[in-house]
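Please look at the sequence and the structure before reading on.

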Amino acid sequence: MGRFKAKSDYEQLRIARIVENQARLANLGLQKTLSELQSLNSSTKSEKTRKRKYCKVDFSAAPLRRSARLGGISLPPGSGKLSYSEGSDGDETGDDVKRRSRRSGISEEALRRRCMSKERGSLYDPVYGICCHFCRQKKLCGEEDCKRCGDRDIKQPCIGKTECSVCHSSNGILCRACLKIRYGEEMEEVRMNKEWMCPHCIEDTGTKPHWICNSSFCMKRRKMIPTGIAIYKAREMGYKSVAHLLMDELSKSR
């Protein structure tokens, strides 16, 4: 009985304090403010939980868009949007192209499509393009005499990509830009050299010590950090290419 009596006394004391606090709030005018805030909060929640009206849009009148790539249609040279890869200079003006045309003797149209060491302006083509081992850009080479990329003859080889005389694998396929920047070689010289070997085969034969493939894939396989755009550093230090810079550094470290 004492336990129930003590509990009853506690409940009476609690109720008395609640009544006292409510009286104080009423005197201060806070009870009204509190009720207004609670009503405002409840109205805001109801607006958020209210379902949005669904408006069905009719797209039947809009023209149907289809990708030329998914449709198996290959874009002709000079049409479509040119895509530029890392290290390209897409801000070249028409006057710059004209000056380069006069210096090199190559037509302006060919220069705009050609894969140069400074500008990779060739068109992407998933059917006729051949993927470069270094930049991994499956594009048309843009060479004037290339029947594969110019005439879209898939049976013909691409003269704008290298081919190793030993392995004949994808490791030996390089575009003009990567061949020049990464290894300091010219495409015309490679075409004339029927015994040209890729960096992988040169390393296997041991004919050129510390001459390695410096593509990002191959550098990671060696547990080495990829070089990135190291051509500027190589030329500042007087090296012909990135491969020459790496060859010198590796020879000094071993």
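Q: What makes α6 largely enclosed by the rest of the structure?
A: Of the 8 residues of α6, 7 are buried, so the helix is largely enclosed by the rest of the structure. Buried means under 20% relative accessible area, exposed over 50%, and partly exposed in between, with a 1.4 Å probe and protein chains only. The buried residues are R176, A177, C178, L179, I181, R182 and Y183.

This is a predicted model, in which local features need pLDDT of at least 70 and side-chain atom pairs count only at pLDDT 80 or more, while totals for chains, interfaces and linings use all residues. Residues are numbered from 1 along each chain as its sequence is written, and side-chain values use heavy atoms, with hydrogens and water left out.

Q: Which helices do the buried residues of α6 pack against?
A: They pack against α7 (187–192), α8 (199–205), α10 and α11. Helices (H or I, at least four residues) and strands (E, at least two) are DSSP runs, numbered from the N terminus.

Q: Why is α6 called roughly parallel to α11?
A: The axes of α6 (residues 176–183) and α11 (residues 242–253) come within 4 Å and cross at roughly 30°. Axes are lines fitted to C-alpha atoms, for helices over the stretch in contact, and angles run from 0 to 180 degrees between N-to-C directions. Angles under 35 degrees count as roughly parallel, over 145 as roughly antiparallel, 65 to 115 as roughly perpendicular and the rest as oblique. The crossing angle therefore makes α6 roughly parallel to α11.

Q: Which residues make this contact, and how many of them are nonpolar?
A: I181, R182 and Y183 of α6 meet V242, A243 and H244 of α11, where contact means heavy atoms within 4.5 Å. By class, there are 4 nonpolar, 1 polar and 1 charged residues. Here Ala, Val, Leu, Ile, Met, Phe, Trp, Tyr, Cys and Pro count as nonpolar, Asp, Glu, Lys and Arg as charged, and the others, Gly among them, as polar.

**Residues in loops**

Q: Why is T227 called partly exposed?
A: T227 has a relative accessible area of 24%. T227 lies in the loop between α9 (216–221) and α10 (231–236).

Q: What makes the link between the side chains of T227 and R182 a polar contact?
A: The two side chains are joined at 2.6 Å. A polar contact is a pair of N or O atoms within 3.5 Å; within protein, one must be able to donate a hydrogen and the other to accept it, and residues adjacent in sequence count only if both atoms are side-chain atoms. The link therefore counts as a polar contact.

Q: How do you know that R152 is buried?
A: The relative accessibility of R152 is 17%, so R152 counts as buried. R152 is found in the loop between α5 (147–150) and α6.

Q: Why is R136 called partly exposed?
A: The relative accessible area of R136 is 38%, so R136 is partly exposed. R136 sits in the loop between β1 and β2 (138–139).
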